[in-house]
Amino acid sequence: MTATAPAAAAATRYPELTVAGSPAAMGEQIGEALGEQIRGFDAIALERVRLSVDVSRERALQVAGRCVEDVGGYAPHMLVELEGMSRACGVSVEALMLLQIRNQLQPDSGRGRGMAPADSGCTAFALSDEITGGGGVAGQNWDNDPALDPFTVVLTRRPDDAPAFMSVTQAGLIAYLGVSEAGIGVCMNTLPAPARPYGVPHYFTVRGIYEARSLEEAVDAVDRASRAIPANILLSTPEGPADLEVTVDAVHVLRDDDGDGVVTHTNHCVHPDLAPINRDFPELIESGPRLCRVDELLAACPRPVTRPRLQAILSDHQDHPRSICRHPNDDPVTGYWTSVWSLIVEAGAGRLHLSRGNPCEHPYETYELN
C-alpha cells in the first residue's frame with residue numbers, strides 16, 4: 001500500500017502520516033515521505049546530546065553499530081523497517097540507530113556513574129474506566145528539548161500482522177508515545193537508575209508494547225529484551241492502568257493497589273524494591289514535588305474526571321517555571337527544557353489530544369487512529 005502523505009501542518013497541529021504493509025514497505029514509505037525531517041533530525045541529534053554528554057560521533061556510531069546487532073536478535077522485523085527507511089531517505093542504518101540510542105550514550109572519557117543521560121522529565125498519569133466514565137485515559141507533558149519540534153510528526157503505522165498504532169514521535173524513531181488499536185495507550189518518562197552502553201534501545205521495546213494485545217504481553221515485550229537503559233512506561237490497558245519501572249535487570253509493575261483508579265509517575269523510582277536507587281542518583285527536575293502535585297490535583301478532581309480537568313492539571317504552574325507545565329529556567333543542565341507537547345490518550349477510543357507547545361499557551365488538537 002502507498003503511504004498517505006503528511007498533511008499540511010497548521011501552527012498548532014503536527015504533520016500527519018499513515019503507512020501500511022510489510023516492515024520493509026512501511027520503512028520505505030516513512031523514508032520517502034519524511035526524508036527531509038529524518039535528515040534534519042540526524043543533522044542535529046548528536047549536537048543536542050552533547051549539551052549534556054561529552055561523546056564523539058565516532059563513539060556514538062560505534063554504539064549504534066553494536067545496537068543494530070542487538071535489535072537484530074530482539075526483533076528482526078523492526079530492523080528491516082529501519083533498513084527500508086534508510087534506503088528511501090538516504091540516511092545510513094547506523095545513523096538511524098543513533099537516533100534511537102541518544103538516551104543511552106555515555107561520555108567518551110568513561111567517567112560517570114553508569115547512568116544514561118536524561119531523555120525527558122515528564123509528569124504522567126493513567127486513569128481507569130471507572131473514574132473517567134468513558135474508558136481508560138493516560139496523559140503526560142513531554143518536558144524536553146524544543147529544538148526537536150520541527151522533526152516531530154503524528155505517525156500511524158498499519159502493519160500487515162500486528163495492531164495498528166499511532167504515535168507522536170520524531171521522524172526516524174521506531175516508536176514513541178501514543179495508542180494502539182488493541183486499546184493500549186503509552187506514556188513514558190526517564191527513570192534515573194543504573195545503565196549500560198549496549199543493549200536493545202528503549203524505543204524498540206516500546207514498539208514491542210504496541211504489538212501486544214494485553215498487559216501481560218506488553219510486560220513480556222519489555223522483559224525479554226536485553227536492555228541498555230532504565231525507563232518508566234505508564235500504560236492505559238484493557239486491564240486497567242499500570243506503570244512499568246524498567247531497569248536493566250527487571251521490570252517492576254505498579255498497579256492501582258489502593259483502588260482509586262489512578263496511577264501516576266514522574267522521574268524517580270516508586271516500587272519499594274527500587275527505592276534504594278533514589279539515594280544513589282540525583283533527582284531529575286523536581287520529580288518528587290511534581291509527583292506530589294499531580295497526585296493532589298487528581299485527588300481533588302470531581303468524578304468522573306473530564307478531559308478539560310486533565311488539561312488544566314497539565315497546565316498547572318505551581319512552582320513556576322519548574323512546574324508540571326515546564327518553562328525555561330536557570331538550571332545549568334536542563335534549563336532550556338520546556339513542555340514541548342502535552343498529550344492525553346483515550347486508549348479505548350484510539351484517540352490522541354495533543355498540544356504543540358506548552359498547554360497553558362496552545363490548544364489541544366485531536367488525532368484519530370480509527
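Helices here are DSSP runs of H or I with at least four residues, strands are DSSP runs of E with at least two, and both are numbered from the N terminus; by this naming, Pro 321 falls in the loop between helix 11 and strand 12. The model is predicted, and the protein in it has 11 helices and 14 strands.

**Overall build**

- For 370 residues, a compact globule would have a radius of gyration near 21 Å, and the 19 Å of the protein agrees with this.
- Taken along the principal axes, the box filled by the C-alpha atoms of the protein is roughly 50 × 50 × 40 Å.
- Of the 370 residues in the protein, 61% are buried.
- Among the contacts with a separation of 6 or more, 64% are made by residues 24 or more positions apart.

**The second largest pocket**

- The volume of the second largest pocket is about 330 Å³, and strand 10 (251-255), strand 11 (262-265) and helix 10 (287-300) are the elements that give two or more residues to its lining.
- The lining of this pocket comprises 17 residues, and those nearest the centre of the pocket are Asp 258, Val 262, Val 263, Thr 264 and Asp 295.
- By class, the lining of the second largest pocket holds eight charged, seven nonpolar and two polar residues.

**Cavities**

- Three cavities of 30 Å³ or more are found when the whole structure is searched, and the second largest cavity holds about 70 Å³ of space.
- The second largest cavity has 13 lining residues, with Val 200, His 202, Thr 205, Arg 227 and Ile 229 nearest its centre.
- At least two residues of that lining come from helix 7 (202-210), and at least two come from strand 8 (231-237).
- Nine of the residues lining the second largest cavity are nonpolar, three are polar and one is charged.

**Helix 11 and its packing**

- In helix 11, which spans residues 307-314, the buried residues are Leu 310, Gln 311, Ile 313 and Leu 314.
- When helix 11 is viewed down its axis, these buried residues fall within an arc of 160 degrees, and they therefore line one face of the helix.
- An α-helix has 3.6 residues a turn, so residues three or four places apart point the same way.

**Backbone geometry in the loops**

- Arg 303 and Pro 304 are joined by a cis peptide bond with omega about 0 degrees, and Pro 304 has its place in the loop between helix 10 and helix 11.
- A cis peptide bond also links His 320 to Pro 321, with omega about 5 degrees.
- Asp 319, which lies in the loop between helix 11 and strand 12, has a phi near 70 degrees, a positive value in a residue other than glycine.
- Ile 285 likewise has a positive phi without being glycine, with a value near 30 degrees, and Ile 285 belongs to the loop between helix 9 (277-280) and helix 10.
- Because buried means under 20% relative accessible area, Ile 285 counts as buried at 5% relative accessibility.

How values were computed
Residues are numbered from 1 along each chain as its sequence is written. This is a predicted model: local features need pLDDT of at least 70, side-chain atom pairs count only at pLDDT 80 or more; totals for chains, interfaces and linings use all residues. Side-chain values use heavy atoms; hydrogens and water are left out. On a 1 Å grid over the protein atoms alone, a cavity is a set of points where a 1.4 Å probe fits but cannot get out, and a pocket is an open set with protein on both sides within 12 Å along at least five of seven lines; lining residues have an atom within 4 Å of a point. Grid points are joined across faces, edges and corners, and a volume is the space filled by probe spheres set on the points. Ala, Val, Leu, Ile, Met, Phe, Trp, Tyr, Cys and Pro count as nonpolar, Asp, Glu, Lys and Arg as charged, and the others, Gly among them, as polar. Buried means under 20% relative accessible area, exposed over 50%, partly exposed in between (1.4 Å probe, protein chains only). The arc is that of the directions from the helix axis to the C-beta atoms. The radius of gyration is taken over C-alpha atoms; the globule rule is 2.2 Å times the number of residues to the power 0.38. Contact means heavy atoms within 4.5 Å.
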